[in-house]
Amino acid sequence: MSFFSQPQIKGSRPIPPAPTSIRKEVVRSTSSAKKPSFLARSRPESVVPQARRRGQRVAESRTRDTVQKQSRKRTKSEHTPLLSDSDSQNSDTATDPARKRAKAVNDGPALEKRQLRSKLAFSEEDIGSFPMVHATGVATIDKPAEYRLAFPQEVAQRTVSLQYPSASQQETFELVDPLRSDDFKPLDDIKETLEVIVDHYLPSADAAAFRDDSHGLLRRLKRARDKKDGPAYVSLIGDWNAAITKSRLNGSIAGVLDETTRLNLTLIERILTQTYVRTVSPRVSSLRHYENGTDNVYGELLPKFVSEIFRKTQLGPNHIFIDLGSGVGNVVLQAALEVGCESWGCEIMENASVLADLQQQEFKARCRLWGLAVGDINLQRGDFFENQTINRILPKADVILVNNQAFTPELNDHLTSKFLDLKEGCKVVSLKSFVPKGHKITSRNLNAACNVLDVVKEKYFSASVSWTDGHGDYYISKKDSSKLRAFSNRDDAK
């Protein structure tokens, strides 16, 4: 349920992050939003009748019990805004030519008690090989119908090894270019990886030296590539490996990471993109295999939008995040990486679940290369209504994401009844509201499960979801039983 705007294209890059302005609006009136042409995933039609029957059975009795128990506590309720009044993010970027480096922290509050640096990955104990998908496993001259040599006059050495910031193993790349422009480009991957490391792992003075327009290593590497100078390119990669190893050994990289409290979105996207390209992209055709006449349609939320959701819900490293309908696991991985929280996902589609498992394995290896400590990741398969592990974790969750864009009203009602199990203050993010617009608690609807939700309507803008480049609405519902208790207390006093 997350991220590339063109998940069908191998090696595609995510849309660069842009400043996002979010407007808060309390839901009050009904509207009929037009469904986008490429809808998000939902449950099969066969689930809906079962959900409706089960929802109708449990919602009334459980809500009544909740009201009876909570109405005994005559506490004064006080509404507090769910979100801050800030309407925009700080989009300042440094313009000093000696720097030209992105900020080391992402917009938003710093995350407390988060250890970003993996001490194991920066220790000499981590030297050695471990399973991962090298770039040579995706792009190679052994696929002549897809790739050609990037330096055709230099066939003596067509493979280079690249050192990442940690003490972990190097990654091997074949120096090849794709025949199709939308396929994975190894040399672009090297370039972007080096730029992100320079911008987010090195002290300012060292970064400025690497980015010097005349003699910086990044500039010389570009010249070698443009001139098709294979020996120079290979030699410069060797220089890079020696320099980044020196920065690790003298503690410079560890010092920068230890002072960083929140990962920049550019770094997050780089790691997620590398993971996706090496696991999902070669098998992306399997996501097109859907059953006609079902609600199983696949769509992704893009990293910029997901990051905004984390910020709006104030998801923290000590929280539990759950993605109900997690697809190939993109949002689950992003939560573990960006926030460092315990991150859960549950997916009913078998083909997407298989890719999610591959992503999880590669993601752990990628984070080891980048030297980052991430939160625990737990991916579950099957119907989240029936999955016992998810049902056990749900009452502990702090933030829940559910892409219910294509859910039927009956299915949404059944899901709403499950929210009675949530702890107070838990926030549910959805693309359709679980509370009817204009809804008010009355004596006639006292047993409605949505009475315990306080919903706020938000706007997402372009480059936020994979099925449309346009804007749309999403909703943050907070479990808050205070209004229901207050109404019940007033009703009892009559």
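A residue counts as buried when its relative accessible area is under 20%. Arg117, at 17% relative accessibility, therefore counts as buried. The model described here is a predicted one.

**Salt bridges**

Side chains of opposite charge can pair when their charged atoms come close. A search of the whole structure turns up 24 salt bridges. Three of them are listed here.

| Pair | N to O distance | Relative accessibility |
|---|---|---|
| Arg117 and Asp258 | 2.9 Å | Arg117 17%, Asp258 42% |
| Asp177 and Lys228 | 3.9 Å | Asp177 14%, Lys228 45% |
| Lys457 and Asp473 | 3.4 Å | Lys457 13%, Asp473 18% |

Take Arg117 and Asp258. Their side chains meet in a salt bridge, 2.9 Å from N to O. Arg117 sits in the loop between α1 (47-71) and β2 (147-149), and Asp258 sits in helix α6 (residues 252-259), so the pair ties together parts that are 141 residues apart in sequence. Arg117 is buried. Asp258, at 42%, is partly exposed.

Next come Asp177 and Lys228. Their closest N and O atoms are 3.9 Å apart. Asp177 belongs to strand β5 (residues 176-178), while Lys228 is in the loop between α4 (217-226) and α5 (230-249), so this pair ties together parts that are 51 residues apart in sequence. Asp177 is buried at 14%. Lys228 is partly exposed at 45%.

What do Lys457 and Asp473 form? They form a salt bridge, with the closest N and O atoms 3.4 Å apart. Lys457 lies in strand β11 (residues 453-460) and Asp473 in strand β12 (residues 472-479), so the pair ties together parts that are 16 residues apart in sequence. Lys457 is buried, with a relative accessible area of 13%. Asp473 is buried as well, at 18%.

Some charged residues link up in a network. Glu171, Asp189, Glu192, Arg270, Arg278, Glu362 and Arg366 are joined by salt bridges in this way.

**Helix α4**

Which residues are buried in α4? They are Leu217, Leu218, Leu221 and Ala224. Seen down the axis of α4, its buried residues fall within an arc of 120°, so they line one face of the helix. The cover over these buried residues includes α2 (186-201), α3 (204-210) and α5. Lys228 follows α4, and its phi is positive, near 60°. This is the Lys228 that forms a salt bridge with Asp177.

**Nonpolar cores**

The largest nonpolar core has 59 residues. Tyr233, Trp240, Leu337, Trp370 and Leu372 have the most contacts inside it. Helix α2 gives this core its largest share, seven residues.

Leu337 shows who meets whom. Leaving aside neighbours within four places in sequence, Leu337 is in contact with Arg114, Leu263, Ile268, Ile271, Leu272, Phe363, Cys367, Leu372 and Val374. Another core lies apart from the largest one. This other core has 32 residues, among them Leu324, Leu420, Cys426 and Val455.

**An exposed alanine**

Where is Ala156 found? Ala156 is in the loop between β2 and β3 (159-162). Is Ala156 buried or exposed? Ala156 is exposed, with a relative accessible area of 82%. Ala156 and Gly230 are 74 residues apart in sequence. In space, they are 9.4 Å apart, C-alpha to C-alpha.

Methods. Residues numbered from 1 in each chain as written. Predicted model: local features only at pLDDT ≥ 70, side-chain atom pairs only at ≥ 80, totals over all residues. Heavy atoms only, no water. Salt bridge = Lys/Arg side-chain N within 4 Å of Asp/Glu carboxyl O. Helix = DSSP H or I, 4+ residues; strand = E, 2+ residues; numbered from the N terminus. Buried < 20%, exposed > 50% of the residue type's maximum accessible area, 1.4 Å probe, protein only. Arc of directions from axis to C-beta. Contact = heavy atoms within 4.5 Å. Core = buried A, V, L, I, M, F, W, Y, C linked by side-chain atoms within 4.5 Å.
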